[in-house]
Amino acid sequence: MIKQLWMIMHSLFDPDLPRRANVTPLKAQILQNRGCRTEEEIDKYLHANLDDLYDPLLMSGMAEAVSLMQESLHAEKKIRVIGDYDVDGMTSTFILLDGLKKLGAGVSYDIPDRIMDGYGLSQRLVEQAHADGIETIITCDNGIAAVNEIAKAKEYGMTVIVTDHHSIPETLPNADVIIDPHQPGDNYPYKTICGAVVAWKFILALYAAEGKELSKHNIYMVLAGLATNCDVMPIEDENRIILKYSLAEIQRTDNIGLHALLEATGLLEKEKLYSYDYGFVIGPCMNTQGRLHSAKYIVDLLNERDMGKAKAVAAELKAENDERKAMTQKYQNDFIQELSARQNLGNVIVELAPGLHESLAGIVAGKIKEAFYRPTIILTESEGDNTIYKGSGRSIEGYNIFEELKKVNEDQIMPKCGGHPLACGLSIKKDQVDELRKRLNDNEQMTEEILTSKLKIDAGFAMGDFTTFLIDELEELEPFGNKCPRPTFGQKNLTVTKIYTNEKKTMLRLTVRDKKGRGSTLTTFDAEGTLERLKQWCGEETCDRLLKNSVPNSGLEIDVVYTADINEFRGERNPQFKIVDMRLSQ
């Protein structure tokens, strides 16, 4: 069991702010927890629209890149877009490709193969572009670190435009122009945007320079919002606006491939889409192709003009993702069970995962990190080189996994290593795994505080005080995501009066009563884990009684952290509550 600290957030609360901002006190409290301190900030958070987005030309290099692309367009040069194999890379590739096509450009695209090329622009892709007579390369979601590859492209006389959003390395490539909001001296007001947003801003600026009208309410904005969510960008400032409008407009898309994917995943039938639908339904379907096959399937699907073909491809993508998900779920469950039996995993977990496809290492690393709340690196066999293992890492707040890997790599036990504070990718010589584990654990200086998971609670609030009006107000805070989580609430000393599980034990419901005698129902989909905890707290006999009948005075009292939303059934709308965490009342 990981150590977890419950923390009620105590933002400075202005008692007059709810009146001035015309919101309830509960909503004002949550908005202050999200950083809104004035009625103007609250108004922007709730009501900003696409007209409030920042001017693309504020980004360093944007005007120069647009001018260079205009030269290539008017000279009818052969242009190639080179993207990447995740959702951000696929969508930004389509945005540039389609946007340039509609301006009459002779444009093609390429995406690296995960096994052959690895991440981003590779020498192979540059050589292929040269063989194809390409005169201008424009990258998206990559390129900022491609020093050698861009040098080769320049040797061949190509014009190279880099559009990227990743951190700036010590040495910049010798591209003709670079667009990346993290560049020193860049004046763009909000920098934590994804590659698809950078690509969309480039197309907006290019169309304006060409005197062409391009509405912001189009497929490029929708895809930029999808990528923002799937690339786990902070849902604040400009990102919040883009994601909000993307979710509102995606079901009306006229893009045949995207429409088919929405239909195959059942999302066309939903009344409204949420950030969850992007991150856990559409995104994984797209990412599976980049992980297991080729991201080109997705770019080609977005380019498809035949609905019948698009539907067939989308159905295949959905089925394949379902299969991948089931396979990964079983593997990670077995792996977590095996690790749980170990005596000492260390504060930094480094494990070899036999038989796991290298593209799934990051997913499994993330699940193990969540299960043990430790920085985790999972290594697998490399399909392209049998002398190394390839791996992915996921970290916790307070441990910069990328910087820590760089510190222990002075003698190059890892031929490749890249990433950022919370995630990394690497390759390592096969005989150096134990050495990597030892070095990372010898070096780590994590305190007990860093190794303790923090569960932030927006407010102490009784379930019995929730109305549909209050919950509707909370829904106006959508979209939720990174840096903007769904609001959580805490309530103490609830007596459990009934336990229900479905036949497959995939869902569990608790009926509870508060000190005022009001009853509420809580739901969780971790049925087995929750039932096990309840048995530990009250014993098998009491648990069995609660499973069979209502027991008003069971003696089992719990504290709960929960979320609130609306259950709609046969025209009726009622509050419903989902368990985030629970503990035995003190």
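Beyond its neighbours within four places in sequence, Leu-510 is in contact (heavy atoms within 4.5 Å) with Val-496, Lys-498, Ile-499, Ser-520, Thr-521, Leu-522, Leu-534, Ile-558, Ile-579 and Met-582. Please keep in mind that this is a predicted model: local features need pLDDT of at least 70 and side-chain atom pairs count only at pLDDT 80 or more, while totals for chains, interfaces and linings use all residues. Residues are numbered from 1 along each chain as its sequence is written, and side-chain values use heavy atoms, with hydrogens and water left out.

Leu-510 is, along with Phe-202 and Phe-466, among the residues with the most contacts inside the largest nonpolar core, which has 124 residues. Such a core is a set of buried Ala, Val, Leu, Ile, Met, Phe, Trp, Tyr and Cys residues joined through side-chain atoms within 4.5 Å. Here, buried means under 20% relative accessible area, using a 1.4 Å probe and protein chains only. In soluble globular proteins, nonpolar side chains tend to be buried together. The biggest contribution to this core comes from helix α8 (residues 195–209), with 11 residues. Helices are DSSP runs of H or I with at least four residues, strands are runs of E with at least two, and both are numbered from the N terminus. Another core, of 21 residues, lies apart from the largest one and includes Ile-377, Leu-405, Val-408 and Leu-440.

Let's step to the loop between β6 (177–179) and α8, where Gln-183 lies. Gln-183 counts as buried because its relative accessibility is 15%. Its side chain reaches the backbone oxygen of Ile-178 at 2.9 Å. Leaving out residues up to four places away in sequence, Gln-183 touches Ser-60, Ile-168 and Ile-178.

Helix α2 (residues 25–33) is also worth a look: eight of its nine residues are buried, so the rest of the structure largely encloses it. Those buried residues include Lys-27, Gln-29, Gln-32 and Asn-33, as well as Leu-26 and Ile-30. Among the elements covering them are α1 (17–21), α3 (39–47), β13 (459–460), α18 (468–475) and β14 (489–501). Just after α2, Gly-35 takes a positive phi of about 100°.

Terms used:
Buried < 20%, exposed > 50% of the residue type's maximum accessible area, 1.4 Å probe, protein only. Polar contact = N/O pair within 3.5 Å; in protein donor to acceptor, adjacent residues only side chain to side chain.
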